[in-house]
Amino acid sequence: MSADPRPSPPPAVESGLTSARRLRTLDSILDVPAFRWYLLSMLGNWSAMQMQQVVRGYLAYDMTGSYAALGAVALANSVPRLLLALSGGVIADRASRRYVMQAGQAFSALLTAAVAVLLFADLLTVTHLIITAALQGVSMSFTMPARQAMIPEIVGPERLTNAIGLNASGMNTMRLLAPALAGVLLAVVGGAWVYTLMAALYVAAVVAMFRVPTKPVAPPMHDGAPRMEAAPRPVRTGSSRGGLRDIGEAFAYLRHQPVLTMLLVVHLFVVLFSMPYQRLLPGFVADVLANNDAEAAWKFGVLLTFTGLGALVGSLFVASLPNRRRGRLLIASIALFAVALLAFAASVNFWLSIGIVIVLGIGQAGRQSLSQILIQTHVEDAYRGRISSIMMMEMGLESFGTFAIALIAVAFGIQWAFGFVALALLAVAVVVALLLPSYRRLE
């Protein structure tokens, strides 16, 4: 019998065929060890943050019964980010991003431990919540640009959509689990023990981050093609004048990047109209969906949990996407979130609201993940930290929107306030879809 004249496929091709058969959803976790440890560290970080969102909002409203107090806490957390974000971006482009992350996580551990001590001593006031929220805002001004800039550095540009989708999935898993756990612990053991647990989770995040190399390099893709490498990022030091010059360079860079500028401008408007929902939700639950404080606490946790379930579905969907039609999907995500928020504002039935927030979570995850993916795709690595800091500034501006929406809630009711926000966000989606064809065509 004659031998088969067809040559065997080379190993690289066989590897590519294997890759084609494998669901791409988990590529970055399976292929990049540094990303696994990064994600594990972020799970500790996010779980503490999500628990804090439940407990801090509940404590602030429980102490005062005021939407203005909720808005003030959000404002205190966001103003430092607005003022210091650009400096944080400079640090993220100059120093080791891993070291910046660890320093911020350790500082957050100290802050949450301090609140726990005040709660155990029965000395906590709204003023303490505002002060610690402001200090945490200072920390986040430096950690968030570094955190957003680390992912492309770890996985490379080809895995960026997948890695950011998985990153969002991890965050949304914690949104699914942590709020419910926080609500239960708040009712069973009290806020002091919840803050103690949060401090421990921040410490765990610091420890896990030690396994992420300071200069991680992702492996080649499955098809054997070499990975697209960015130029090595120098770790620089300099004076404050050098920092100001770096900030000026970032804005000069933006002037020659119209697509990136367009993405950041749309992101600003979307953030202004989408974030007040999260900040003011404790008051909405207490006034519209609950009959007493205990009921408000567990219903708030349940709604955050089901929002997280929807967001987990949405982010896993994004992680599985190919690198195309992402502009259209981002517009659709914004519109979906707006419609779901409008329905949520009109609902007075808790069980119906649970179904609505699942859809709302899907839209929120798509909006957040795809926006970050497109921005990170269109920025050079040398400017990644500073452009991420501009996104941070935009998220800092949302506190002013939250405070304004809180005042509308005081004057007209929280349902009308949420309805106004939903209509404004839907208008943004329509304007972008009709008037910015280059945005629709983004791949």
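One aromatic cluster is formed by Phe284, Phe344 and Phe418. The model is predicted, with local features requiring pLDDT of at least 70 and side-chain atom pairs counted only at pLDDT 80 or more, while totals for chains, interfaces and linings use all residues. Residues are numbered from 1 along each chain as its sequence is written, and side-chain values use heavy atoms, with hydrogens and water left out.

Six aromatic pairs are present in the structure (rings of Phe, Tyr and Trp, the last by its six-membered ring, with centres within 6.5 Å; stacked if the planes are under 30 degrees apart, edge-to-face if over 60, tilted for the rest). Among them, phenylalanine 284 and phenylalanine 418 are stacked, at 5.1 Å centre to centre and 5 degrees between the planes. Because phenylalanine 284 belongs to helix 10 (residues 258-289) and phenylalanine 418 to helix 15 (residues 414-435), the pair ties together parts 134 residues apart in sequence. Helices are DSSP runs of H or I with at least four residues, numbered from the N terminus. Phenylalanine 284 is buried, at 0% relative accessible area, and phenylalanine 418 is buried at 1% (buried: under 20%, 1.4 Å probe, protein chains only).

Threonine 132 is located in helix 6 (residues 126-155) and is buried, with a relative accessible area of 14%. A polar atom of the threonine 132 side chain lies 2.9 Å from the backbone oxygen of histidine 128, and the side chain of threonine 132 also reaches the backbone oxygen of leucine 129 at 3.1 Å.

Terms used. Helices (H or I, at least four residues) and strands (E, at least two) are DSSP runs, numbered from the N terminus. Buried means under 20% relative accessible area, exposed over 50%, partly exposed in between (1.4 Å probe, protein chains only). A polar contact is a pair of N or O atoms within 3.5 Å; within protein, one must be able to donate a hydrogen and the other to accept it, and residues adjacent in sequence count only if both atoms are side-chain atoms.
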